Amino acid sequence: MTTLTKQTLSHLDWLEAEAIHIMREVAGQCERPVLLFSGGKDSICMLRVAEKAFRPGKFPFPLMHIDTGHNYKEVVDFRDKRAAELGERLIVRSVEDSMKRGTVVLKSADESRNKHQAVTLLEAIAEFEFDACIGGARRDEEKARAKERVMSFRDEFGQWDPKNQRPELWSLYNARVHKGENIRAFPISNWTEMDVWQYIEREKLELPSIYFAHTRPVVMRGGAIMPVNVELASGEVLNQPKAGEEIIDMQVRFRTVGDIPCTAPVPSDADSVEKIVVETATTTITERGATRLDDQTSEASMEQRKKEGYF
C-alpha cells in the first residue's frame, strides 16, 4: 500500500513557482524576448528564477542592461562577472551612446541620467526587434508600479497607458503583440522587498558589496544622504561636494541601486543578509521612497516616466 505524504509549500515556493510560470509563458509566446539584468538584487533573483525555469539548457533569451554610464562600479563589475559565470549573452547599451547620437540631451552636466534610460531602451528594442522585455519591477516599490499588469502592454512608441491594459484573470497571460509593439513582463511583480531578501537568503545568492553596511564619505543634501567623490571605472569622480557641505564618514548600505546622482543609501549596520532581513522587517518606508531621489520630484514622477517608455 502506497502512503501519500502531504507537502506544504512556503510562500517563497509559491512566489517562485509563479515567477517560473510567467517566465516560461514569455518564452513560449514571444519570438524575441530579453531579460533585463542590471546587477541589482531584483534582477539577481530573476536570474535564479530563469535558471530554475530553463536549466540545464541555455536561456531562451539574452540578458541586457541599459547603462547610464553613472552606475556604481561594484554593481557593473558584478553584472559582468555573473553573466560570464552563467555563460549567457549580455547586451549592454549606454545612455552615453544616445547622448552622442543626440537622442538624449541633458539639461545640465550633473543631471541624473536615470530617466533617459527610456530612450536608450527603446532604441535597443528597435535595434534587436525585441517583442518582450522581462524586468524585475515589483508592485510594492511605487504607486505607478502597483498599477502595472504582469504582462504590461506597450504601444509602437514604447508608451504605457495604465487605462488600456489587458485583463489577467486566473493567471492567464496574453503576450501577443503586433510588429513594433512590445510587452514588459514582470515575473516577480507580486514579491515584496522582504520576499526578495528572504529569497536571497534561502538561495544563498551572491550580491554586489554595496548592499551591505560599509563606511563611505557622504553629505546631507535635501534631507537625503548623498555619497560624494564616487569614482567610476573610467576614473571620473561623481557627486563632488558643494560649497559649504560637510563631508562625514558614515556607515551605510544601499537598499536599491541605480544612477549614482539619484540613489541615496541609508544608515545601517547590517553587514549580512540575515541582518538585512531583520532590518527590512522594521522599516516603514519603501526602498524607492527612502533612496530614489528622482521619484521624489512629484507624486507622478514614476508614472510619467513609464508612460514615456521607462521600465
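## Glutamate 16

Is glutamate 16 buried or exposed? This is a predicted model. In it, glutamate 16 has a relative accessibility of 10%. The cut-off for buried is under 20%, so glutamate 16 counts as buried.

Glutamate 16 sits in helix H1, which spans residues 11-29. Its side chain makes a polar contact with the side chain of arginine 202, at 3.3 Å. Setting aside neighbours within four places in sequence, glutamate 16 is in contact with Lys52, Trp191, Tyr199, Arg202 and Glu203.

## Glutamine 198

Helix H7 covers residues 193-203 and includes glutamine 198. This glutamine has a relative accessible area of 23%. Buried requires under 20% and exposed over 50%, so glutamine 198 is partly exposed.

In sequence, glutamine 198 and leucine 12 are 186 residues apart. In space, their C-alpha atoms are 8.0 Å apart. With neighbours within four places left out, the contacts of glutamine 198 are His11, Leu12 and Val277.

## The four-stranded sheet

An open sheet of 4 strands runs in the order E8-E7-E11-E12, with antiparallel pairing. Strand E8 (224-227) and strand E12 (266-267) are the edge strands. Each has a single partner strand, so one side of each lacks a neighbour in the sheet.

Strand E7 (residues 214-221) pairs with strand E11 (residues 248-253) in the antiparallel sense, over 5 bridges. Arginine 216 stands opposite methionine 250 in E11.

Terms used:
Residues are numbered from 1 along each chain as its sequence is written. This is a predicted model: local features need pLDDT of at least 70, side-chain atom pairs count only at pLDDT 80 or more; totals for chains, interfaces and linings use all residues. Side-chain values use heavy atoms; hydrogens and water are left out. Two strands pair if DSSP finds at least two bridges between them. Helices (H or I, at least four residues) and strands (E, at least two) are DSSP runs, numbered from the N terminus. Buried means under 20% relative accessible area, exposed over 50%, partly exposed in between (1.4 Å probe, protein chains only). Contact means heavy atoms within 4.5 Å. A polar contact is a pair of N or O atoms within 3.5 Å; within protein, one must be able to donate a hydrogen and the other to accept it, and residues adjacent in sequence count only if both atoms are side-chain atoms.
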